[in-house]
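User: Hi! I have a model open and would like to go through it with you, one question at a time. Could you help me read it?

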Amino acid sequence: MAVSVSDLAALLQNISISSEPKSGLDELKNVLSTLRIDHIQNAGGELDLRILFDCLNSSSKEQVETSSDVLGRLLAALPATVNIQRYPTELDRALNHPTEAVKLLVLKQAERCITDENALKILKQHSGFLKNIISCIGCAEAAPAAAAVRVVTSLARHGHQEALLVLSPPLLDQLRQTMATSDVVRYRGYEVAVSVACSSREGMKLVTDVGLLPALVQEAFGQDILVQLNALELLTTLSQSDHGFDHLESEGVTQRLEKLVTAPDEHPLHDYILPGVMKFFGQVGHDRPEHVLSRYPGFARAALAMVGHQELSRRLAALDTVACLGMTAAGKRALSTLEPAITDCVTEIGRLAQNAPTELRVRALDTLTQLLQIKAADLTDDLLTLTRTWFAAVAPQPLDMIWSVARQPFLDLRLGALRLLAVVAALDWGQQMMVQRAGFVEYLLDRSTESSKEGRDAKYALVTALVTSRGAAQLPADLLSQLTTYHEQGAFYVRAQTEVALEESS
């Protein structure tokens, strides 16, 4: 039997007059669960949902939970314009509810308004509601706080007028007041500011003019380690936009950060913030390798030399940075200008891959993987020559060394070595080395060397790299046939007993 609008209205009426509305809410929830979304859309527009908002004002956890579920289903079915037009006061009041689920319900509706131009116009008229949303950035619960950051960020990024609205009194005053409550909340506020700054040059100018971006920069050079690291993380995000990076350069921020790398003794807490600084330069160097390595030679030299530092944290930071710098074709070419430092660095990375704590060995293997990997579209003669030169610098017998690691009993090391071998296998010179190395072909075809899923997948990726490479046709025909069969059979192929018996009897 179809449920009509009058049926739903009657259920709401019963809830409104009942001294124990929980049973009525349960009944309404059950009815709604049987209806299609289009049916709820058609009926919901004619219902008055204020009674459901009123039901949220209860000390009963079960009643609040059920009311929130029912409201969420009905509001989600209605256009955002209808919700903000009919229930602005109720939504605003619900945002102050102590229950996390209720806050999330309201914030979801606010987020819907930003994607609906008509609803957005109405939302912008309710500054009190918007102030309450900004206050939620300071919520103790992570989920509502993150949702509030999304709403405020989406609003400010929607357009110039919306950015002006958020970054002008009274909303800006509320944002500052909220940010003042704790370091964690202040970071959330900076997240909003950086997101707006990344969106456009106009957004960045607004964030700068109101003082949020200068304040963030100041935090990056303060004395609180956690605050510094968080600030560096956000500056790294900002630097990924061209106008953001240009701004940081023009304000001397990048130069000050380089000094933290090149003159560590001047900063007493250098070791703690170094990973954040190296990550910053690694990211901007990944995006603009020629510019960064030529403009900041002190950083470049320090990063390459730091691979050989005695401190584990510095070595790990340096390895990650070198990997980031050498990931692209442009990055490889830029690094090649830093001779002999880059070759010395590769040799040191090779040494670490052989003889160091496991974590460091795995990271060294992964760094070599990034340095040697060339995308198919970038397989030029100069890059093939460059990567072959670097590979030769890894060890006196680099293939033997990596192959040895790939046969060790530690899975993390084997996987790292297999990833590196797969990269080498895709290169013309790497294939030649593998085919010529006695015993390596037999190792490739031997499935018994790996028993774990991860190991089998990695070994299969190595075979796949050979079979699908541009130089595959140059492999000996019988070898290519065997490798192709391995590839077609998949990573987890197991020979049937009959196959084994036939082979042994022949």
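User: Is Q174 buried or exposed?

Analyst: This is a predicted model, in which local features need pLDDT of at least 70, side-chain atom pairs count only at pLDDT 80 or more, and totals for chains, interfaces and linings use all residues. Residues are numbered from 1 along each chain as its sequence is written, and side-chain values use heavy atoms, with hydrogens and water left out. Q174 is found in helix α13 (residues 171–179), where helices are DSSP runs (H or I, at least four residues) numbered from the N terminus. Because its relative accessibility is 11% and the scale is under 20% for buried, over 50% for exposed and partly exposed in between (1.4 Å probe, protein chains only), Q174 counts as buried.

User: Which residues is Q174 in contact with, leaving aside its neighbours within four places in sequence?

Analyst: Contact here means heavy atoms within 4.5 Å. With neighbours within four places in sequence set aside, the partners of Q174 are K131, I134 and S135.

User: At what angle do helix α10 and helix α11 pack?

Analyst: Helix α10 covers residues 127–135 and helix α11 residues 142–158, and their axes lie 8 Å apart. The axes are lines fitted to C-alpha atoms, for helices over the stretch in contact, and angles run from 0 to 180 degrees between N-to-C directions. Angles under 35 degrees count as roughly parallel, over 145 as roughly antiparallel, 65 to 115 as roughly perpendicular and the rest as oblique, so α10 is oblique to α11. The packing angle is about 130°.

User: Which residues make that contact, and how many of them are nonpolar?

Analyst: From α10 come L130, I133 and I134, and from α11 come A148, V151, V152 and L155. In this classification Ala, Val, Leu, Ile, Met, Phe, Trp, Tyr, Cys and Pro count as nonpolar, Asp, Glu, Lys and Arg as charged, and the others, Gly among them, as polar. The contact of α10 with α11 has no polar and no charged residues, and its nonpolar count is seven.

User: Is F245 buried or exposed, and which residues is it in contact with?

Analyst: F245 belongs to helix α18 (residues 242–250). Its relative accessibility is 2%, so F245 counts as buried. V284 is 39 residues away along the chain, with 8.0 Å between the two C-alpha atoms. Beyond neighbours within four places in sequence, F245 is in contact with L238, S239, T254, V284, R288, H291 and V292.

User: Which helices do the buried residues of α30 pack against?

Analyst: Helix α30 spans residues 428–436, and its buried residues are W429, G430, Q431 and M434. V424, which is found in helix α29, is in contact with W429, G430, Q431 and M434, among others. The buried residues of α30 pack against α27 (381–394), α28 (398–406), α29 (411–425), α31 (440–445) and α32 (453–467).

User: What is the relative accessible area of V424?

Analyst: Leaving aside neighbours within four places in sequence, the contacts of V424 also include L372 and F391. V424 is buried, because its relative accessible area is 1%.

User: Is T89 buried or exposed?

Analyst: T89 sits in helix α7 (residues 88–94). H126 is 37 residues from T89 in sequence, and their C-alpha atoms are 9.3 Å apart in space. With a relative accessibility of 52%, T89 counts as exposed.

User: Where is P340 found?

Analyst: The peptide bond from E339 to P340 is cis, with omega near 0°. P340 is found in the loop between α24 (329–336) and α25 (341–354).

User: What is the volume of the largest pocket?

Analyst: On a 1 Å grid over the protein atoms alone, a cavity is a set of points where a 1.4 Å probe fits but cannot get out, and a pocket is an open set with protein on both sides within 12 Å along at least five of seven lines; lining residues have an atom within 4 Å of a point. Grid points are joined across faces, edges and corners, and a volume is the space filled by probe spheres set on the points. The largest pocket is lined by 16 residues, with P275, G276, M278, K279 and D320 nearest its centre. Its volume is about 230 Å³.

User: Which residues line the largest cavity?

Analyst: There are three cavities of 30 Å³ or more, and the largest has a volume of about 40 Å³. By class, its lining has two nonpolar, one polar and five charged residues. The residues are D446, R447, T449, E450, R456, K459, Y486 and A491.

How values were computed. Helix = DSSP H or I, 4+ residues; strand = E, 2+ residues; numbered from the N terminus.
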